[in-house]
Number of protein chains: 2
Amino acid sequence: LSKSLDPILALGIALPKGGRGGVLRSVHTQLRAAISDGRLQPGLQLPPTRTLAQALGVSRNTAVAAYDLLLSEGYLQARRGAGTYVSEARAALTPRARRARSGKPPELNEFWRDPPPLFPGMRPRAAAPRYRYNFSIGEPDASLFPFAMWRRLVGRAARVSSRDLLPSEPQGRPELRAAIAKHVSFTRAIACGADDIVVTAGSQQAFDLLARVLVTSKRTVVALEEAHYPPLRQVIRAAGARIVTVPVDLEGIVVDRISPRARIVCVTPSHQMPLGSPMSFERRAALLQFARRHGASIIEDDYDGEYRFGQRPLDALQTLDRDERVFYVGTFSKVLFPNIRVGYIVAPSWARAALVAAKQLTDRHTAVIMQDALSAFLTEGHLVRHVRKMTRVYAKRRELLLGAIEQHCSGQLQPIPSEAGLHITAKLLVPTLAATVLERAAAAGIKVQAVSEFTIGKATLNGLGFGYGGIADADVAAGVRLLANVISQVSSRRRP
Amino acid sequence: LSKSLDPILALGIALPKGGRGGVLRSVHTQLRAAISDGRLQPGLQLPPTRTLAQALGVSRNTAVAAYDLLLSEGYLQARRGAGTYVSEARAALTPRARRARSGKPPELNEFWRDPPPLFPGMRPRAAAPRYRYNFSIGEPDASLFPFAMWRRLVGRAARVSSRDLLPSEPQGRPELRAAIAKHVSFTRAIACGADDIVVTAGSQQAFDLLARVLVTSKRTVVALEEAHYPPLRQVIRAAGARIVTVPVDLEGIVVDRISPRARIVCVTPSHQMPLGSPMSFERRAALLQFARRHGASIIEDDYDGEYRFGQRPLDALQTLDRDERVFYVGTFSKVLFPNIRVGYIVAPSWARAALVAAKQLTDRHTAVIMQDALSAFLTEGHLVRHVRKMTRVYAKRRELLLGAIEQHCSGQLQPIPSEAGLHITAKLLVPTLAATVLERAAAAGIKVQAVSEFTIGKATLNGLGFGYGGIADADVAAGVRLLANVISQVSSRRRP
């Protein structure tokens with residue numbers, strides 16, 4: 001046996017038992033792995049194919065084929081008349097190792113070297129704690145969603161999609177856009193047609209696309225409500241905008257306090273996020289006037305405005321817009337379920353081409369099956385029925401919640417008037433920080449939220465937020481009663 | 001009747017027949033619309049509720065409720081003891097009109113004021129012409145896709161998703177990531193686990209996320225192959241990077257010619273886009289060395305590398321990467337169908353947190369139903385079976401195409417050697433620009449592509465690209481024969 005065989009024998013190449021088909025693959029893969037990981041060093045001469053074949057107990061043809069493959073892949077080199085060698089080009093490749101990094105990777109740009117969480121304190125899903133009483137904000141109650149119907153529509157959409165496989169319209173399927181236009185015209189008094197709609201992967205992508213086309217990095221000033229939806233802030237930050245915050249009171253954003261340099265103003269007129277109050281008509285008119293005067297754009301985030309409990313049918317801000325200033329952002333996360341990932345923008349005509357191009361650049365279009373199923377869900381009237389049903393459900397739960405707060409937390413919490421949506425916020429009447437209550441409540445098995453989670457730095461309002469989508473009717477009163485105890489304990493401890 | 005009633009009567013308010021429930025809504029909506037569009041002017045006094053009720057034939061209560069609603073919405077104002085008026089605040093709002101814009105909207109940032117098309121000459125789907133012979137690049141043949149199975153998996157995923165509605169993992173469903181890791185380990189010899197995978201909305205979003213985290217606007221230099229995938233270029237441009245192009249020959253990108261300032265190098269090692277040649281082992285090694293020396297990252301776009309026809313099992317560039325330099329981008333657009341919109345990145349560990357955060361910021365996560373259906377498709381072995389079947393189908397069609405070119409276009413076209421993918425490219429041997437051939441071919445009902453469609457400015461290679469996913473076996477020869485006539489005509493016309 002040639003001496004060049006030793007390193008090969010040292011590899012202990014194993015061959016498949018019995019079958020024949022896998023022998024070449026097996027020899028080839030194992031030799032390649034040995035070259036890759038350095039067991040066979042660059043420059044090493046390999047035994048002749050006949051020697052290799054005998055040593056391994058394979059046919060000569062197999063050995064020849066294995067060498068040929070490795071030669072063509074560049075793992076081996078043939079030197080004329082001098083045999084076969086492990087390629088020197090391999091020397092360029094050092095052993096694989098996860099680089100142990102100290103500090104931030106310099107390859108990443110500044111923002112992404114240390115990306116902020118989407119929500120402050122957000123934890124990975126798997127690590128998220130479970131609560132006995134869940135008053136999380138932003139979770140709908142999907143237990144009453146007509147899933148059998150939805151499944152049928154998804155199945156049908158999957159069948160239809162087999163006839164149309166090419167990339168779809170970046171703006172969104174025409175049928176879905178028509179259905180959304182009809183829906184928002186009816187429920188939110190927004191005058192629009194299918195052409196005005198841009199379908200997005202949820203409101204998150206809507207914000208991202210808007211930031212993309214409207215923000216010039218390091219120059220554009222964006223005004224956020226002092227308390228706002230943190231993921232929107234992160235999108236604005238990632239786009240490189242300069243953020244200014246604006247006070248919010250019971251009538252909504254204080255328009256007089258918006259910096260005249262702001263070119264984008266982000267608001268939640270139906271149900272201030274997180275305070276809950278609706279923006280007054282006067283403020284709406286003043287905000288539109290501000291936008292017109294300064295050439296500013298307005299992003300109206302109507303995240304849960306479908307659910308309305310007041311006497312008055314509160315329209316969208318967009319309804320009053322006579323000057324193509326307002327981008328209305330809607331989502332199906334709250335009326336269907338969060339992981340559906342479909343939302344939309346009702347966009348002024350002057351921005352539409354840019355938004356559609358940005359959507360196309362970002363992900364070509366939203367998955368067709370989801371769009372088609374949703375389209376049928378709207379046109380067949382299931383959405384209207386579901387919203388009607390859920391409005392009754394949420395109205396009842398909201399009453400239970402407000403009743404329980406009045407009964408158990410009368411000296412502790414004062415709810416902020418609101419007329420829509422899936423959560424309420426209440427002012428803390430005791431001199432204890434909401435963040436402290438939050439922490440103690442969590443230890444007691446209650447998830448509530450603090451207004452300070454929705455602000456940059458200190459919140460001007462010391463308040464707690466209560467979502468009622470993720471909790472059962474039967475648990476509302478018990479949860480609030482337990483919370484009242486928690487508040488009593490922390491506030492009495494503070495004032496001995 | 002009071003004189004103040006005249007403007008109201010002029011509105012011709014229509015009431016619903018028969019039913020009672022809609023009367024208030026109807027009166028309220030029509031009055032509001034009239035105020036909104038200026039038929040009822042700010043400051044106008046409205047008739048007393050009793051008068052209105054009589055005139056319209058509705059109950060007094062209905063008239064009172066309608067006024068109350070309009071008052072609370074701010075459309076009306078009550079002046080103490082002096083009746084009800086159309087709100088003066090309305091004066092702030094001018095009539096709605098689509099602004100007739102001259103020039104570009106100043107609200108949009110510079111890039112998006114005039115966004116380039118994703119592909120040069122791209123037209124909206126509805127306006128895209130149909131061809132008798134379609135040799136488009138990038139279209140798979142989905143007619144043989146097992147849609148019945150797919151539909152079943154989608155239906156099952158829709159059923160399961162009803163138990164888990166909250167936002168899902170931004171990195172992608174763990175089961176899908178595990179299935180993808182297994183798939184690419186097996187088919188592309190990529191050593192990775194579920195943790196290394198980031199699920200994206202197609203490769204388009206993969207490029208976008210990579211540009212987001214790696215590019216610093218106006219500073220980062222990105223090297224593209226001279227001929228490349230235009231949508232990738234647009235993503236890089238939109239991120240504000242400085243683009244340099246690098247010559248490509250039959251061994252792939254000419255590494256010696258990459259600017260040492262390049263911090264990102266984008267390549268298509270399995271099947272150069274669009275030339276078709278595989279990158280040689282020496283170039284792969286040299287490119288990895290370049291990346292290591294300069295701290296550069298490599299984006300490996302393996303858009304159709306699943307289909308391999310050569311003797312040698314061509315691995316991914318990532319397989320040779322020992323220094324966490326390569327981002328491998330894969331897609332299911334070519335192995336399933338384009339509008340599924342699921343792709344993935346196999347990412348170095350140092351960039352993963354940033355990519356996941358960017359994905360979350362962009363759209364939270366990809367739709368769960370699509371992820372779960374795909375996950376089942378992979379784990380149940382349907383993907384491997386489908387790729388195996390389609391490799392046979394495409395291999396045959398590719399042979400037909402190469403045979404037809406040899407037979408009919410021998411003096412006109414010289415195919416570039418390739419071993420994978422869904423298209424081939426051929427050099428034009430006649431002194432006629434590919435773009436000219438393209439145009440005449442289109443007029444004759446043939447869709448082919450020109451290398452110049454994939455370059456910035458003039459292409460160094462005057463060649464035509466032929467996709468074979470969108471054409472039936474039976475049409476290949478006839479299409480090529482007809483093309484040969486077209487080429488004869490245009491080239492003889494050029495040389496009289």
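A salt bridge is a side-chain nitrogen of Lys or Arg within 4 Å of a carboxyl oxygen of Asp or Glu.

## About the model

This is a predicted model, where local features need pLDDT of at least 70 and side-chain atom pairs count only at pLDDT 80 or more, while totals for chains, interfaces and linings use all residues. Residues are numbered from 1 along each chain as its sequence is written, and side-chain values use heavy atoms, leaving out hydrogens and water.

## Salt bridges in chain A

Let's start with K359(A), which pairs up with D363(A) in a salt bridge, closest N and O atoms 3.1 Å apart. Both sit in helix α12 (residues 349-363) of chain A, four residues apart, or about one turn of the helix; helices here are DSSP runs of H or I, at least four residues, and strands are runs of E, at least two, numbered from the N terminus. K359(A) counts as buried because its relative accessible area is 0%, with buried meaning under 20%, exposed over 50% and partly exposed in between (1.4 Å probe, protein chains only). D363(A) is buried too, at 2%.

Now for another pair: D114(A) and K104(A) form a salt bridge at 3.7 Å between the closest N and O atoms. Here D114(A) and K104(A) are both exposed.

## Where the chains meet

Chain B and chain A have six salt bridges between them. One of them joins D208(B) to R212(A), at 2.7 Å from N to O.

The contact (heavy atoms within 4.5 Å) takes in 107 residues from chain B and 107 residues from chain A.

Conventions:
Chains lettered and ligands numbered in written order.
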